[in-house]
Amino acid sequence: MTSVVFGASGNVGRHVAEGLNSVGAQVRWVGRDPNSARFPAGADIVAADLECPETLPAALDGAERVFLYAKPEGIDGFVAAAEAAGVRHVVLLSSGAVTLPDPMDNPVARMHLLVENALASSRMEWTFLRPGMFASNALWWWQRSIREEGAVRLPYPEARTAPVHERDLAALAITALTEPGHHGQAYEVLGPESPTLREQVQHIGSALDREIAIEVVSVDEARADLRKTVPPFAVEAILAGWQAGLTGPHEVSTIVEEVTGRPGRTFAEWARDHASDFR
Ligand SMILES: NC(=O)c1ccc[n+]([C@@H]2O[C@H](COP(=O)([O-])OP(=O)(O)OC[C@H]3O[C@@H](n4cnc5c(N)ncnc54)[C@H](OP(=O)(O)O)[C@@H]3O)[C@@H](O)[C@H]2O)c1
């Protein structure tokens, strides 16, 4: 039974492919340019682009299960190719944004919802992972200034978020793909705790064994900083997410433990796992 992992070089996808491989599943590693990805020697590797439907039959040949990133531009071609290949179950890395009011008016929610809707209307079984903010966004936000200046600038240091470790998303995907009971489920995924942004920076400092200075800046200054490293469509979503985290306790979730049997990883664990990225 072949499991196809699209984005097998991605932050989440690579852990899905490695995890499936380690439990003995037959894995096909897919990337748009597999030569530039560090896939294991001897692995079943196929080049394919979700936005180029003609590349999909080769990637999906003989597959029963798929891990998928949300690419609305190619989703009709994906559904047609996957159904033709006999795929039975797709786990989609979606987004918690789809549960916002008026999701079709929000660009992040819309792109994920279009893909969810296409899969829900298909003949295939599906599972949707709907995460909130990734812990790995800290690389976008703070990697450059920590490396270059040993400091971060924050508009809302006391804002709380519930960051999700990419390994927990991969563990959810692997469980959903390999164990019964996850068809037709949409899992909203938040981290197990909600540290303030100040505490998150302190966790990175502890992992590096040095103090990181925190400078409080205006929202406009923070926006200008974010624009240096974050895709434009995400800048306002991040600022809004931080601002929302100023009011009351932030929601957290136990879904990782409920589904996988292992507690969700904390931001402190994420910081230790990624210390070298900040050096
Ligand atoms: N960051 C957040 O806070 C957040 C929150 C909720 C949801 N999400 C979702 O999670 C995604 C990010 O996940 P991540 O961190 O694992 O991303 P990532 O590290 O940037 O990896 C994205 C993967 O998608 C693959 N990909 C991109 N375009 C493709 C295409 N046209 N055809 C086939 N594969 C394609 C890439 O593969 P190749 O380049 O090798 O082809 C890459 O491996 C977001 O895009 C969003 O959908 C993110």
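## Ligand shell

The ligand is surrounded by 23 residues, the closest being Gly7, Gly10, Asn11, Gly31 and Arg32; a residue is near a molecule or strand if its C-beta atom, placed from the backbone, lies within 6 Å of it. This shell divides into 10 nonpolar, 9 polar and 4 charged residues. Ala, Val, Leu, Ile, Met, Phe, Trp, Tyr, Cys and Pro count as nonpolar, Asp, Glu, Lys and Arg as charged, and the others, Gly among them, as polar.

The model is predicted: local features need pLDDT of at least 70, side-chain atom pairs count only at pLDDT 80 or more, and totals for chains, interfaces and linings use all residues. Residues are numbered from 1 along each chain as its sequence is written.

## Domains

Domain 1 covers 2-131, and domain 2 covers 137-162 + 192-248 + 265-278. These bounds come from an automatic or database domain assignment. The C-alpha centres of domain 1 and domain 2 are 29 Å apart.

## Sheet

An open sheet holds 7 strands in the order S3-S2-S1-S4-S5-S6-S8, with parallel pairing. Strands (E, at least two residues) and helices (H or I, at least four) are DSSP runs, numbered from the N terminus, and two strands pair if DSSP finds at least two bridges between them. Strand S3 (44-47) and strand S8 (185-189) are at the edges with a single partner strand each, so one side of each has no neighbour in the sheet. From one strand to the next the twist averages 20 degrees.

S8 pairs with strand S6 (residues 125-131) in the parallel sense over 5 bridges. Leu129 is opposite Tyr187 in S8.

## Helix H8 and helix H9

The axes of helix H8 (residues 219-227) and helix H9 (residues 232-244) come within 10 Å and cross at roughly 145 degrees. Axes are lines fitted to C-alpha atoms, for helices over the stretch in contact, and angles run from 0 to 180 degrees between N-to-C directions. The residues of this contact divide into 7 nonpolar, no polar and 2 charged.
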